[in-house]
Amino acid sequence: EKGGHDYFMLKEIEEQPAGVADTLIGHFSHDRDGGRIVLDEQRLTDQELREIDKVFVVACGSSYHAGLLAKYAIEHWTRLPVEVELASEFRYRDPVLDRSTLVVAISQSGETADTLEAVRHAKEQKARVLAICNTNGAQIPRESDAVLYTRTGPEIGVASTKAFLAQVTANYLLGLALAQARGTKYPDEVAREFAELEAMPKLVARVLETAPQVRAIARELAQVRTVLFLGRHVGYPVALEGALKLKELAYIHAEGFAAGELKHGPIALIEDGLPVIVVMPSPKGRTVLHSKLLSNIREIQARGARTIVIAEEGDETVRPFADHLIEIPAAPTLFQPLLSTIPLQVFAAEVAQTRGYDIDKPRNLAKSVTVE
Ligand code: M6R
């Protein structure tokens with residue numbers, strides 16, 4: 001049942017190409033104009049989607065990190081303002097909600113108490129609620145106006161991996177569905193983005209081939225006390241997710257930072273031998289961010305940090321500053337997290353295993369957190 005692995009988590013990491021592909025199935029219907037994105041339980045009309053003037057995304061843990069990524073896609077494609085909030089904080093600060101607000105609740109289990117209470121609060125304030133969920137008929141989708149299911153099968157490992165990637169995929173579908181309903185993208189543009197998404201599972205599979213290299217790095221670093229993760233733009237939520245994986249599985253202090261914040265404090269942490277994992281943006285397109293991150297790596301390496309860099313294949317500029325270089329295929333910027341997250345999952349799992357921990361059942365944690 002673990003597909004030849006010692007742990008479900010390792011099997012679930014390998015199921016990610018299929019999870020992304022399956023989450024896309026049936027969500028695009030071709031027509032004369034190019035085609036349309038179709039959601040699952042669509043109890044919200046296009047007219048209602050057009051009336052939306054702001055979006056809140058609420059979730060916890062890894063699902064919250066998926067939510068942070070939703071913001072980049074939805075704002076870019078729809079020009080709607082998006083706020084992403086920890087579900088446990090949302091209803092306690094009296095957020096401004098009304099019937100033109102869309103609240104997106106992301107939850108693998110669909111039973112997380114904090115997220116469920118955030119949904120109930122949103123509904124009381126007459127907001128529209130859309131759930132992104134991996135569990136058919138769970139409480140959160142039942143109480144929502146519309147649902148987009150991540151179809152990656154049940155996730156057994158407490159640490160979310162394949163569900164996270166599927167949630168990120170579902171975010172893109174939602175962003176495109178909103179763009180289509182609101183007319184901020186032409187049908188052929190929506191069709192083009194969807195085709196790019198459909199190409200991602202193959203690239204996800206290629207990133208899995210880096211696992212032996214990542215595991216070797218993880219074994220070398222397994223006894224360290226702290227690891228820092230840096231990223232920018234969509235690489236920033238990926239850094240946060242990498243740090244969370246390492247905390248929950250390997251019980252190592254780990255922090256994710258937006259690389260631009262380094263000089264506002266965290267650079268003081270850098271000392272000889274400190275491992276820093278950096279998620280590089282593509283060298284194409286966002287060249288300003290790329291060169292800024294490059295100078296960040298140079299700075300931390302000069303201060304003795306041990307740099308582990310995840311960068312696009314063929315990005316030779318990072319090589320001199322990377323003590324370890326993990327190469328991932330080129331992808332559209334918004335979709336890069338579907339690739340860059342994977343080495344971080346593999347890294348955390350291998351560090352934890354080297355330290356002798358049960359990676360399916362990390363200490364003190366439950367798969368589904370049904371109390372607030
Ligand atoms: O079932 P949910 O997606 O609502 O769960 C949210 C978090 O509890 C979950 O993502 C948690 O952070 C994972 N253990 C992270 O790996």
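Author: Let us begin with a definition: two strands count as a pair if DSSP finds at least two bridges between them. The model shown here is a predicted one. In it, strand β7 (residues 128-133) pairs with β8 in the parallel sense, over 4 bridges. Within that pairing, A131 stands opposite V147 of β8.

Reader: Which strand is joined to β8 by 2 bridges, and in which sense do they run, parallel or antiparallel?

Author: In general, strands of a sheet pair through backbone hydrogen bonds, in either a parallel or an antiparallel sense. Here, strand β3 (residues 41-42) is joined to β8 by 2 bridges, and the two run antiparallel. The bridge partner of E41 in β8 is V147.

Reader: Which way do the side chains of β8 point, and are they buried or exposed?

Author: The general idea is that side chains in a regular strand alternate between the two faces of the sheet. In strand β8 (residues 146-149), A146 and L148 point one way, while V147 and Y149 point the other way. All of these residues are buried, with under 20% relative accessible area.

Reader: What is the strand order in the open sheet of 5 strands?

Author: The order is β10-β9-β11-β12-β13, with parallel pairing. Since β10 (253-258) and β13 (324-328) each have a single partner strand, they stand at the edges, so one side of each is left without a neighbour in the sheet. From one strand to the next, the twist averages 15°.

Reader: Over how many bridges do β9 and β10 pair, and what packs on the sheet?

Author: Strand β9 (residues 226-231) and β10 pair over 6 bridges, and G231 has A258 of β10 as its bridge partner. Helix α11 (residues 211-221) packs on the sheet, where it touches β11 (275-279), β12 (306-312) and β13. The direction of α11 makes about 150° with that of β13.

Reader: How many cavities of 30 Å³ or more does the structure hold?

Author: As a general idea, rolling a probe the size of a water molecule over the atoms shows where empty space is left. This structure holds 2 such cavities. The largest has about 90 Å³ of space and is lined by 13 residues, of which V234, P281, S282, T333 and Q336 lie nearest its centre. By class, its lining has 5 nonpolar, 5 polar and 3 charged residues.

Reader: Which residues line the second largest cavity?

Author: They are V214, I217, I277, I308, I326, P343, L344 and F347. The elements giving two or more residues to this lining are α11 and α14 (337-354), with the largest share, 3 residues, coming from α14. The lining comprises 8 nonpolar residues, no polar and no charged.

Definitions and conventions:
Residues are numbered from 1 along each chain as its sequence is written. This is a predicted model: local features need pLDDT of at least 70, side-chain atom pairs count only at pLDDT 80 or more; totals for chains, interfaces and linings use all residues. Side-chain values use heavy atoms; hydrogens and water are left out. Axes are lines fitted to C-alpha atoms, for helices over the stretch in contact, and angles run from 0 to 180 degrees between N-to-C directions. Contact means heavy atoms within 4.5 Å. Buried means under 20% relative accessible area, exposed over 50%, partly exposed in between (1.4 Å probe, protein chains only). On a 1 Å grid over the protein atoms alone, a cavity is a set of points where a 1.4 Å probe fits but cannot get out, and a pocket is an open set with protein on both sides within 12 Å along at least five of seven lines; lining residues have an atom within 4 Å of a point. Grid points are joined across faces, edges and corners, and a volume is the space filled by probe spheres set on the points. Ala, Val, Leu, Ile, Met, Phe, Trp, Tyr, Cys and Pro count as nonpolar, Asp, Glu, Lys and Arg as charged, and the others, Gly among them, as polar.
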